[in-house]
Amino acid sequence: MRRLGLNQGGYRGEQIDPRALQFACRSAAVRSGWAVEVLPPAGLDRLAFYRPAKTDGAPNIYLSAGIHGDEPAGPMAILRLLEEDRWPDAHLWLIPCLNPDGFCRNTRENSEGIDLNRDFLVPRSVEVTGQVEWLKQLPELDLALLLHEDWEANGFYCYEINLGGRASLAETLIESASRFCPIEHETEIEGRKVDRPGIIRPGSDPASRPLWPEAIWLAVHQSKLTYTLEAPSDWPLMPRVDALVAAIHAALEGYFQLFPVGEAASGRLGTPEPIGPG
Ligand SMILES: [Zn+2]
């Protein structure tokens with residue numbers, strides 16, 4: 001597989017129709033018994049899907065994609081996962097497309113030029129305001145997986161936010177993605193030093209950042225373990241989707257190995273660090 005070399009100054013690859021993609025997600029979800037919701041505000045036509053676990057004490061797991069409108073592989077990975085219907089026994093919440101207006105324009109930002117993934121500290125966009133309102137109704141999340149792409153990257157990589165010092169899923173997730181696309185080899189990515197190849201573990205107080213992405217909001221308010229997965233979007237679209245899907249399966253399987261149901265609270269490996277402003 002070769003780098004396409006299309007991404008000059010931004011993402012220049014294949015695009016998706018966010019409404020058609022969400023329609024396909026809804027069809028697959030309804031066939032498999034998921035509940036369908038619309039994220040506020042309703043006029044943005046953003047779907048969310050929920051399926052309850054069968055077992056008491058099963059974990060709460062959240063996946064989101066499509067917060068950047070020039071990153072099509074994430075929404076496509078959610079569609080693939082819904083069509084495969086191979087999920088662990090967990091309470092599952094899925095959002096395939098957080099920024100439909102961005103996808104209509106192939107822009108990272110929403111229609112007002114706001115980067116939604118920097119808008120979570122004090123939200124000013126209707127998209128993030130509505131998403132946060134919706135997220136606050138969910139219980140505490142055991143695992144959150146946020147799907148992204150990077151148009152400049154040389155390979156797949158991930159960010160881990162693990163404020164409680166729990167066992168990590170990053171290595172298994174990267175290993176699985178590597179079967180489908182290269183892993184980023186740079187030792188510094190987006191100005192941050194890598195911990196292992198393809199794995200960024202931001203400093204001890206990510207909440208001190210002035211512009212919060214979804215991952216920081218989740219880590220501070222809602223999620224015990226949060227991964228942002230970044231596929232390299234200068235490679236062909238299908239291997240990027242394959243890599244994201246493989247990484248998600250690895251993270252879900254790895255989660256249940258590390259934290260068997262009923263023992264989730266014992267998964268802590270260290271002392272929790274202070275999590276900054278709430
Ligand atoms: Zn992104």
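## An enclosed helix, a mixed sheet and its neighbours

Buried residues of helix H6 are Glu 214, Ala 215, Ile 216, Trp 217, Leu 218, Ala 219 and Val 220, where buried means under 20% relative accessible area, exposed means over 50%, and partly exposed lies in between (1.4 Å probe, protein chains only). The model is predicted, so local features need pLDDT of at least 70 and side-chain atom pairs count only at pLDDT 80 or more, while totals for chains, interfaces and linings use all residues. Residues are numbered from 1 along each chain as its sequence is written, and side-chain values use heavy atoms, with hydrogens and water left out. Helices (H or I, at least four residues) and strands (E, at least two) are DSSP runs, numbered from the N terminus.

Helix H6 spans residues 214–221, and because seven of its eight residues are buried, it is largely enclosed by the rest of the structure. The cover over these buried residues includes E3, helix H4 (126–135), E5, E6 and E10; contact here means heavy atoms within 4.5 Å.

Several of these strands belong to an open sheet of eight strands, with mixed pairing and the order E1-E2-E4-E3-E5-E10-E6-E9. Strand E1 (35–38) and E9 stand at its edges with a single partner strand each, so one side of each has no neighbour in the sheet. Two strands count as paired if DSSP finds at least two bridges between them. As a general point, strands of a sheet pair through backbone hydrogen bonds, either parallel or antiparallel.

Both kinds of pairing meet at strand E6 (residues 157–161). Five bridges link E6 to strand E10 (residues 226–232) in the antiparallel sense, and Glu 160 has Tyr 227 as its bridge partner in E10. Strand E6 is mostly covered, with five of its five residues buried. Tyr 157, Tyr 159 and Ile 161 are buried on one side, and Cys 158 and Glu 160 are buried on the other. Elsewhere in the sheet, strand E3 (residues 60–65) and strand E5 (residues 143–150) pair in the parallel sense over five bridges, and the bridge partner of Ser 64 in E5 is Leu 146.

Helices lie across the sheet strands as well. Helix H5 (residues 170–177) lies across E6, E9 and E10, and runs at about 165° to E6. Axes are lines fitted to C-alpha atoms, for helices over the stretch in contact, and angles run from 0 to 180 degrees between N-to-C directions. H5 also packs with helix H7 (residues 237–258), at an angle of about 145° and with the axes 8 Å apart. On the H5 side, the contact is made by Thr 172, Leu 173, Ser 176 and Ala 177, and on the H7 side by Ala 243, Ala 246, Ala 247, Ala 250 and Ala 251. By class, this contact has seven nonpolar, two polar and no charged residues. In this scheme, Ala, Val, Leu, Ile, Met, Phe, Trp, Tyr, Cys and Pro count as nonpolar, Asp, Glu, Lys and Arg as charged, and the others, Gly among them, as polar.

Helix H2 lies across strand E2 (47–51), E3, strand E4 (91–95) and E5, running at about 135° to E3. Arg 80 lies in H2, which covers residues 73–84, and counts as partly exposed because its relative accessibility is 24%. Leaving aside neighbours within four places in sequence, Arg 80 is in contact with Met 238, Val 241, Asp 242 and Val 245. The side chains of Arg 80 and Asp 242 are joined by a polar contact of 2.9 Å. Such a contact is a pair of N or O atoms within 3.5 Å; within protein, one must be able to donate a hydrogen and the other to accept it, and residues adjacent in sequence count only if both atoms are side-chain atoms.

A polar contact of 3.2 Å joins its side chain to that of Asp 85. Beyond neighbours within four places in sequence, the contacts of Arg 51 include Trp 34, Trp 87 and His 91. Asp 85 itself is found in the loop between H2 and E4 and is partly exposed, at 33% relative accessibility. Its phi is near 55°, a positive value in a residue other than glycine.

Other loops hold backbone features too. Phi of Glu 190 is near 50°, again positive in a residue other than glycine, and Glu 190 is found in the loop between strand E7 (188–189) and strand E8 (192–193). A cis peptide bond, with omega about -10°, joins Pro 40 and Pro 41, and Pro 41 is found in the loop between E1 and E2.
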